[in-house]
Amino acid sequence: MAAVAAPPLSTWLVAARSSTQAECGGADEHHHHHHQQQHQCCVGGGSSTVMFGPRRRRLLGGGARRRGAARSGMAMAVALQPERRTVEKKPDVKQRRVVITGMGVVTPLGHDPDVFYNNLLDGVSGISEIERFDCSTFPTRIAGEIKSFSTDGWVAPKLARRMDKFMLYLITAGKKALEHGGLTEELRNELDKTRCGVLIGSAMGGMKVFNDAIEALRVSYKKMNPFCVPFATTNMGSAILAMDLGWMGPNYSISTACATSNFCILNAANHIRRGEADVMLCGGSDAPLIPIGLGGFVACRALSQRNSDPTKASRPWDVDRDGFVMGEGAGVLVLEELEHAKQRGAKIYAEFLGGSFTCDAYHMTEPHPEGRGIILCIEKALADSGVAREEINYVNAHATSTQSGDLKEYEAIVRCFGQNPQLRVNSTKSMTGHLIGAAGGIEAVAAIQAIRTGWVHPNLNLENPEKIVDVGVLVGSQKERCKVNVALSNSFGFGGHNSSILFAPFK
C-alpha cells in the first residue's frame with residue numbers, strides 16, 4: 001500500500017512520537033528506523049492512521065532537520081503530558097443497583113400511571129377519530145390522539161405557547177414522575193445536582209414547530225419564529241427540563257425511531273451503574289399527530305385504514321391486522337441508585353436489571369426474516385442482567401399490529417422463552433396505538449405496574465390469531481393474574497434498531 005503524505009500537524013505528531021520512542025526504545029528504535037517496511041501510528045488515540053516508513057524521511061527532511069523536529073517534538077510532547085494526580089476510583093459497576101422510584105405518563109389513556117394502567121387492565125382503547133385537524137382526504141383518519149391535556153402548574157405559560165407538543169409532553173411527564181417519586185422541590189434542593197441527569201429522547205422531535213417555520217419561510221425568512229430551530233431539535237426537551245431543575249449531570253437525547261425510549265432508559269441506567277449519576281429522568285416523548293406526520297406514515301404504507309371502527313384497528317397477532325395506529329404522548333421513569341433511594345426513604349416500585357441494543361443491519365423498515373437481531377438483543381440483555389431464560393415470565397412486546405413485525409418478534413420470544421410454561425406476552429399498543437419514540441417509555445411503565453399490581457393487561461382485538469401463534473402464551477381478552485418474576489420490554493425501530501430492557505420486583 002502506498003504511503004500517505006501526512007499533513008503538518010500529523011508530521012509534528014509523528015516527530016513527537018519518534019522522539020519519545022527514541023528515549024524508551026533505545027537500540028530497538030534505531031533498528032526500527034532503518035527498516036524500509038511501513039508502520040502505522042494511531043495519532044491522538046483515534047482510529048485515523050498516519051502512514052510512515054520510507055516516505056517519512058522525505059516528510060521530515062534531512063538528518064539535522066529530523067533531529068531538530070525530534071527535539072522540538074519531544075519538548076512539545078512533554079508539554080502535552082497531563083499533570084499526574086490521584087483519581088478517585090469509581091464504585092464497582094456490579095455494586096451499584098438501579099431502582100425505579102417514580103413514573104410519569106402523558107397518554108391517550110390518562111396522564112397518571114395508575115389511571116393509565118387501570119385503563120389498560122380494563123381493556124379501554126385510546127384509539128379514536130382524529131379531531132385536531134381535518135384529515136378527511138387521508139386514507140387513515142384514526143389515531144391514539146390525546147383529547148385533553150394541560151400544562152398548568154407544569155410549564156410556564158410563555159414557554160407553553162411557544163414549545164412543540166413533544167416538549168410539553170416531555171416536561172410534564174418528567175415533572176409528574178418526580179412528583180410520583182416524592183422528589184419535591186424541597187427535597188430536590190438537597191440533592192447533589194451535579195449527579196442528577198435527564199435523558200429523555202424523541203424519534204420525531206418538534207415536527208409542528210419546524211413545519212410552521214417552513215410555512216413562514218414561504219412568505220419570508222423574517223416571518224420565521226426565532227425558536228424554530230432549538231424547539232425542533234430532539235435534545236431540547238431534556239435540556240429545558242434540566243435548566244428548570246438545575247440538574248447538571250448527563251443530559252442529552254437519543255433518537256432511534258420507535259426504540260428511542262428503551263435506548264434512553266438503558267443508557268440512563270448505565271450512567272448510574274458506572275457511578276456517573278445518582279438520579280436520572282429517562283424515557284421518550286413524541287407528538288407526530290399533525291398532517292405531515294400522518295401523511296408521512298401513510299406514504300410508508302404502514303398505517304391501519306380501519307377508520308370505521310377505530311377501537312378495533314390496532315390488533316397485534318390477529319390475522320386481520322392491516323398496519324399500526326399512530327399515537328402520541330410521553331413516558332418517563334425516575335431511575336435512582338439503590339442506596340441513594342434508601343437514604344431519602346423513597347418508595348421503590350421495581351428494580352432495573354439491565355438490557356441491550358443490536359442492529360438488524362438488514363432493511364430500513366422490515367425486520368430480519370430470521371429475527372437474528374431480535375434474538376441477539378434478547379440474549380445480550382439477559383447476559384447484561386445476569387438473568388437466566390427461565391426466569392422471564394412476562395414480556396411486554398413491541399408488537400405494533402404489522403404483518404411481518406408481529407410474527408418475527410413472536411418467533412424470537414418463543415425461541416428464547418418458549419420452555420417457560422408460565423410465560424405471558426402482551427402488547428400495550430393494542431390499546432394505546434404506537435407512540436413512536438415514547439412507546440418504550442409508557443410500556444416500561446406498564447411492565448413496572450404489572451410487577452406492582454400482579455396483573456397483566458389484555459391483548460385487545462385478538463379475535464382470530466395467526467396460526468403459528470400459541471394463544472396459551474398470549475394474554476387473552478381479559479386481564480390476568482401474574483406474579484411477575486422478571487419482565488422484559490422490547491422496542492424496535494425503523495433502521496433495524498433493537499432494544500430489550502429488564503425489570504424485576506425489588507428484593
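**Burial, contacts and cores**

Student: Why is Ser261 called buried?

Tutor: Buried means under 20% relative accessible area, exposed over 50% and partly exposed in between, with a 1.4 Å probe and protein chains only; Ser261 has a relative accessible area of 0%, so Ser261 is buried. This is a predicted model, in which local features need pLDDT of at least 70 and side-chain atom pairs count only at pLDDT 80 or more, while totals for chains, interfaces and linings use all residues. Residues are numbered from 1 along each chain as its sequence is written, and side-chain values use heavy atoms, leaving out hydrogens and water.

Student: Which residues is Ser261 in contact with, leaving aside its neighbours within four places in sequence?

Tutor: Contact means heavy atoms within 4.5 Å, and among the partners of Ser261 on that basis are Gly283, Gly284, Gly437 and Ala438.

Student: What makes a set of residues a nonpolar core?

Tutor: Its members are buried Ala, Val, Leu, Ile, Met, Phe, Trp, Tyr and Cys residues joined through side-chain atoms within 4.5 Å. The largest such core has 48 residues, and Leu333 is one of those that touch the most other members.

Student: How do you know that Cys264 is in no disulfide?

Tutor: A disulfide is a pair of cysteine sulfur atoms within 2.5 Å, whereas the nearest cysteine sulfur to that of Cys264, belonging to Cys282, is 7.8 Å away. By this rule the count is zero disulfides.

Student: What makes Cys264 buried?

Tutor: Its relative accessible area is 0%, and therefore Cys264 counts as buried; Cys228, with a relative accessible area of 8%, is buried too.
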